[in-house]
Amino acid sequence: MTDARIPAAAAAAADGKSKKLSSQFVGFKIDGQEYAFRIEQIQEIVIPHQVTKTPQVAEYVEGVSNLRGTIIPIINLRKLFALPGRPRDEETRTIVVNVGQRTMGCTVDAVTQVIRIPQENIQPAPSLVVTEGSSYISGFARLDDRLLVILDIQELLDPAKLDQVWQSAGLREHLPAIN
């Protein structure tokens with residue numbers, strides 16, 4: 001009887017160990033590129049409802065929205081990354097995140113999946129990719145033949161750094177290609 005329990009206990013320990021060697025992410029797309037946020041940084045994912053425009057805010061701020069009685073700013077990640085705009089459709093989602101003590105929404109083209117990624121499939125961002133304005137890229141995840149850009153919500157959406165991210169994204173359009 002003891003022998004039957006040992007393999008079960010070992011299997012349970014191994015399963016717990018494999019979960020510790022992986023992390024869960026929420027995948028999403030912007031302009032055809034796949035990105036991911038760590039799931040523990042996300043409060044919820046909602047279908048975007050009415051957004052109230054606010055005057056004299058940065059172009060990437062869509063406005064504010066009422067999330068069950070709490071007014072939250074809505075950041076359009078497409079605009080933040082200086083990508084061409086597109087109309088909302090049935091795939092458009094708002095990912096509600098917590099940045100420090102603040103709650104805000106991020107509009108994305110589509111949420112693709114919740115996925116567990118093994119640590120060995122995650123690589124840190126190369127130093128050439130992580131410049132002063134793009135320190136929000138925490139790494140890259142290999143999934144079969146796909147590559148996801150893992151974004152650090154705290155770095156990306158820190159109110160003190162949002163303009164820097166936006167300006168950096170706009171400047172990238174004018175940089176020469178690296179061969």
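Visitor: In strand 6, which residue is the bridge partner of Ile42?
Guide: Val97 is the partner of Ile42 there. This is a predicted model, in which local features need pLDDT of at least 70 and side-chain atom pairs count only at pLDDT 80 or more, while totals for chains, interfaces and linings use all residues. Residues are numbered from 1 along each chain as its sequence is written, and side-chain values use heavy atoms, with hydrogens and water left out.

Visitor: How many bridges join strand 3 to strand 6?
Guide: There are 4, and the two strands run antiparallel. Strands are DSSP runs of E with at least two residues, helices are runs of H or I with at least four, and both are numbered from the N terminus. Two strands pair if DSSP finds at least two bridges between them.

Visitor: What is the order of the strands in the open sheet?
Guide: The order is 3-6-7-5-4, with mixed pairing. Strand 3 (42–46) and strand 4 (61–67) stand at the edges with a single partner strand each, so one side of each has no neighbour in the sheet.

Visitor: Changing topic, how much space lies in the second largest pocket?
Guide: About 160 Å³. A pocket here is an open set of points on a 1 Å grid over the protein atoms alone, where a 1.4 Å probe fits, with protein on both sides within 12 Å along at least five of seven lines; lining residues have an atom within 4 Å of a point. The volume is the space filled by probe spheres set on the points, which are joined across faces, edges and corners.

Visitor: Now the rings. How many aromatic pairs does a search of the whole structure find?
Guide: The search finds 4. Rings of Phe, Tyr and Trp (its six-membered ring) pair if their centres lie within 6.5 Å; planes under 30 degrees apart are stacked, over 60 edge-to-face, the rest tilted. Phe28 and Tyr35 form a stacked pair, 5.8 Å centre to centre with 20° between the planes.

Visitor: Is Phe28 buried or exposed?
Guide: Phe28 is buried, at a relative accessible area of 0%. Buried means under 20%, exposed over 50% and partly exposed in between (1.4 Å probe, protein chains only). Tyr35 is buried too, at 13%.

Visitor: Why is the pair of Tyr35 and Phe81 tilted?
Guide: Because the planes of the two rings stand at 35°, with the centres 5.7 Å apart.
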